[in-house]
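Student: Hi! Could you walk me through this structure with me asking as we go?
Tutor: Happy to, let's bring it up.

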Amino acid sequence: RPQFSGAGIASWITRGANFAVVCTEAEAGVTLGGTARDEQFLYSLQGGVIVSAGTRSESLDAEDLATN
C-alpha cells in the first residue's frame, strides 16, 4: 500500500543512508508540489509530464529525466 495517497495520486517511498526515492502514480492533470532540495530528479516512464519551477517549464516524453 502507498505511504502517501490523495486525490488522484499514490506515492511509495524508500530510503537509503543519504537519499530517498519516491515513486508516484498520478492521474492526468494532477499537480505535485514541493520545496527545493539539494538535488531533485524526475523520471517519466510514460511521457506527457510537464515540470515547472519558477518561470521555467519543460515537457517530458517517455523515459525522459529532468534534474534541478
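Student: How many nonpolar, polar and charged residues are in the lining of the largest pocket?
Tutor: This is a predicted model, and in it that lining has 21 nonpolar, 16 polar and seven charged residues.

Student: What volume does the largest pocket have?
Tutor: The largest pocket holds about 2200 Å³ of space. Among its 44 lining residues, Leu-32, Phe-41, Leu-42, Tyr-43 and Val-51 lie closest to the centre.

Student: Which elements give two or more residues to the lining?
Tutor: Those are β2 (9–15), β3 (20–26), β4 (41–44), β5 (49–53), β6 (56–60) and β7 (64–67).

Student: And which one gives the most?
Tutor: That's β3, with seven residues in the lining of the largest pocket.

Student: Switching to Ser-44: where does it lie?
Tutor: Ser-44 is in strand β4.

Student: Buried or exposed, and why is Ser-44 classed that way?
Tutor: Ser-44 has a relative accessible area of 4%, and buried means under 20%, so Ser-44 counts as buried.

Student: What does Ser-44 touch, beyond residues up to four places away in sequence?
Tutor: Ser-44 touches Val-49, Leu-60, Asp-61, Ala-62, Glu-63 and Asp-64. Separately, a polar atom of the Ser-44 side chain lies 2.9 Å from the backbone nitrogen of Gly-47.

Student: New topic, Phe-4. Which strand is that in?
Tutor: Phe-4 sits in strand β1, residues 4–6. Phe-4 is partly exposed, at a relative accessible area of 46%.

Student: Which residues is Phe-4 in contact with, leaving aside neighbours within four places in sequence?
Tutor: Ile-9, Ala-10 and Ser-11. As for Thr-24, 20 residues apart from Phe-4 along the chain, the two C-alpha atoms are separated by 9.1 Å.

Note on methods
Residues numbered from 1 in each chain as written. Predicted model: local features only at pLDDT ≥ 70, side-chain atom pairs only at ≥ 80, totals over all residues. Heavy atoms only, no water. Helix = DSSP H or I, 4+ residues; strand = E, 2+ residues; numbered from the N terminus. Buried < 20%, exposed > 50% of the residue type's maximum accessible area, 1.4 Å probe, protein only. Contact = heavy atoms within 4.5 Å. 1 Å grid on protein atoms, 1.4 Å probe; cavity = no way out; pocket = protein on both sides within 12 Å on 5 of 7 lines; lining within 4 Å. Points joined across faces, edges and corners; volume = space filled by probe spheres on them. Nonpolar A, V, L, I, M, F, W, Y, C, P; charged D, E, K, R; others polar. Polar contact = N/O pair within 3.5 Å; in protein donor to acceptor, adjacent residues only side chain to side chain.
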